[in-house]
Amino acid sequence: MSRHSPTRRSPLLAIYAALVFAFIYLPLAVLILYSFNRDGVGGFPPLHLTLDWYRQLFADEPIWDSVLNSLLVAGGAVALSLTLGLLAALALDRASFPGKALFRRLVLLPLILPGIITGLSLLMLVVLSGLHLSLLTVLLGHGTALISVATTELFAGLQKTDRAQEEASLDLGATPWQTFWRITLPNLKLSLVAAGLLIFTLSMDEIAVTFFLIGRDNTLPLEIWGRLRRGITPEINAVSTLIFAVSVALIVIWYRIRMRSIGAEAKQLLQRP
Amino acid sequence: MYSRAYKTIVSAPPLLWVGLFLLLPYALMFAHSFWAVEDGVLVHHWNLDNYEKLLTNPLYAEVLFRTLRIAGSVMLCSLLLGYPLAYYLSFHSGGRKELLYQLVIVPLWVSYLVRGYAWKTILGSEGVLNGFLQYAHITHEPVSFLLYSPFAVILMLTHIYTPFVFLPIYASLEHIPRPLVEASHDLGANSFSTFFRVILPLSMPGLLAGATFAFVLSLGDFLAPLLVGGSSGTMIANIVQTLFGAVYDWPLGAAISVSILLLTLSLLFFTQRLEKRWSFK
């Protein structure tokens, strides 16, 4: 029986899996290592290690301006998509309206379609409306495209909450407004934070849509993109390493929140008679 | 239980917003594809010329064909990397399963640009790989065909999409009831036929979803070709980008975009139906 047990050893497969992991992580390791390389982004071996590129990076004002721009856009996109996504999730969960099935699909399109199509379509709207390309158009683009993520996450959250609490609140005389603020929203707290973090990360990293909606002020990915065309130094490795570190930190936070929400659900299930 | 006013308040803003900022833009894209440019000015003169150009000019067919080849290769490579990895994690990783799973997920969150840039510094003629090859005396001249080629695009996109492909495959492998696998062994099937007759068919929905991800996401990519593809790695979305930029022929660019859009949607529709047929519930 032990020969057939599903966890029996198979060294070849284990080696193959290790190679796939190497393929996934090697480029990132190289990127980080060369951010400390005195002699540039290439060459081998990297003999002289230095922190100069990080020093140069911290003194590089355009980069930090673009970081600030990215933070502004991401913050705005989170607020916009969470607000609309919350309403959309409530509507999908509780209201019936003509075109509901179409709406559900339409919201998801920016996730499915190549970014270039969504970006160019929004560019056409901007041109039609006579707006100027700026960080605001980028924010509108991100916020709109990411409603998909907010709606999906919050709809899933709503499906798991206990509708009886809202019924009780309304029966006991609370107005729908009070019920929303004191029951619905607190119940969705973890979903809101998880969705917000996900949207924030996606917005900070977005290029394809941003590419067509950007005005004079760059976001961080577009600032880096512009520099790639001019000759590259390990300063870009350094900023990439920092982005990597921040992304990993955000995942850990997101993961913890996820775990807590699963834990909270389990507790709720146990407490139910 | 919810009043009419409540329902209106929650559904009206998202409906209006999505109508104005998603439906209208996509409709504009569609409309542009039937318009024309005359003397450098966009005219709202309805016609089918743009689509005719796409069908008759061999340049577009050539680039589209290359794009499909690249997207197909990315799909195949990420399946070849992602499936065995998912299989290993699901069936053979024992107690390290959770940790290894997290290790596959982490790169999903790492910036697209960061990962693309990493390959650029590795593959370049003065890059890390060439430095290593010369250091180890494997070559004496820098190998220049690595960067700026369809190969580099396939490599970069495979690197990016392997974790994407892994996810749905892993999920479907995890859903296979283990007694089925044990029953297959107990009834005398060896590992090989258990895999091909039990595990692979049951994981088909995940495999299809992963394959579609990789194919569709590669199909419309224009950044990887710009970053590592060079002129021989140009893809269809790069043509769109030039038509909207330097060339200024929005209607033709819109016609290509609409074609990509329709191709993407029909692929998704098709695989969704296949997935339904393959799922065993």
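Colleague: Among the contacts in chain A with a separation of 6 or more, what percentage comes from residues 24 or more positions apart?

Modeller: Please keep in mind throughout that this is a predicted model. Two residues count as being in contact when their C-beta atoms, placed from the backbone, lie within 7 Å. Taking the contacts in chain A with a separation of 6 or more, the part that joins residues 24 or more positions apart is 79%.

Colleague: How many helices and how many strands does chain A have?

Modeller: Read along the sequence, chain A follows the pattern α-α-α-α-α-α-α-α-α-α-α-α-α. The count for chain A is therefore 13 helices and zero strands.

Colleague: Why is chain A described as more spread out than a compact globule, and what is its radius of gyration?

Modeller: Along its principal axes, the C-alpha trace of chain A spans about 70 × 70 × 30 Å. For 273 residues the globule rule gives 19 Å, and chain A is more spread out than a compact globule because its own value is well over that, with a radius of gyration of 24 Å.

Colleague: How far apart do the C-alpha centres of domain 1 and domain 2 of chain A lie?

Modeller: Chain A is divided into domain 1, covering 10–50, and domain 2, covering 61–271. Eight residues of domain 1 of chain A are in contact with eight residues of domain 2 of chain A, and on the domain 1 side these are five nonpolar, three polar and no charged residues. The C-alpha centres of the two domains lie apart by 32 Å.

Colleague: Which element gives the largest share of the side of chain A that touches chain B?

Modeller: In this pairing, 64 residues of chain A are in contact with 72 residues of chain B. Several elements of chain A give two or more residues to that side, including α1 (11–34), α3 (61–94) and α13 (234–271). By class, the side of chain A that touches chain B has 51 nonpolar, 10 polar and three charged residues. The largest share, 13 residues, comes from α1(A).

Colleague: In chain A, where is confidence highest?

Modeller: The mean pLDDT of chain A is 88, and 95% of its residues reach 70 or more, although over residues 1–7 of chain A the pLDDT stays under 50. In chain A, confidence is lowest in α13(A), at a mean of 81, while the highest mean, 96, belongs to α6(A).

Notes: Residues numbered from 1 in each chain as written. Chains lettered and ligands numbered in written order. Predicted model: local features only at pLDDT ≥ 70, side-chain atom pairs only at ≥ 80, totals over all residues. Helix = DSSP H or I, 4+ residues; strand = E, 2+ residues; numbered from the N terminus. Nonpolar A, V, L, I, M, F, W, Y, C, P; charged D, E, K, R; others polar. Rg over C-alpha atoms; globule rule 2.2 N^0.38 Å. pLDDT = per-residue confidence, 0-100. Domains from an automatic or database assignment.
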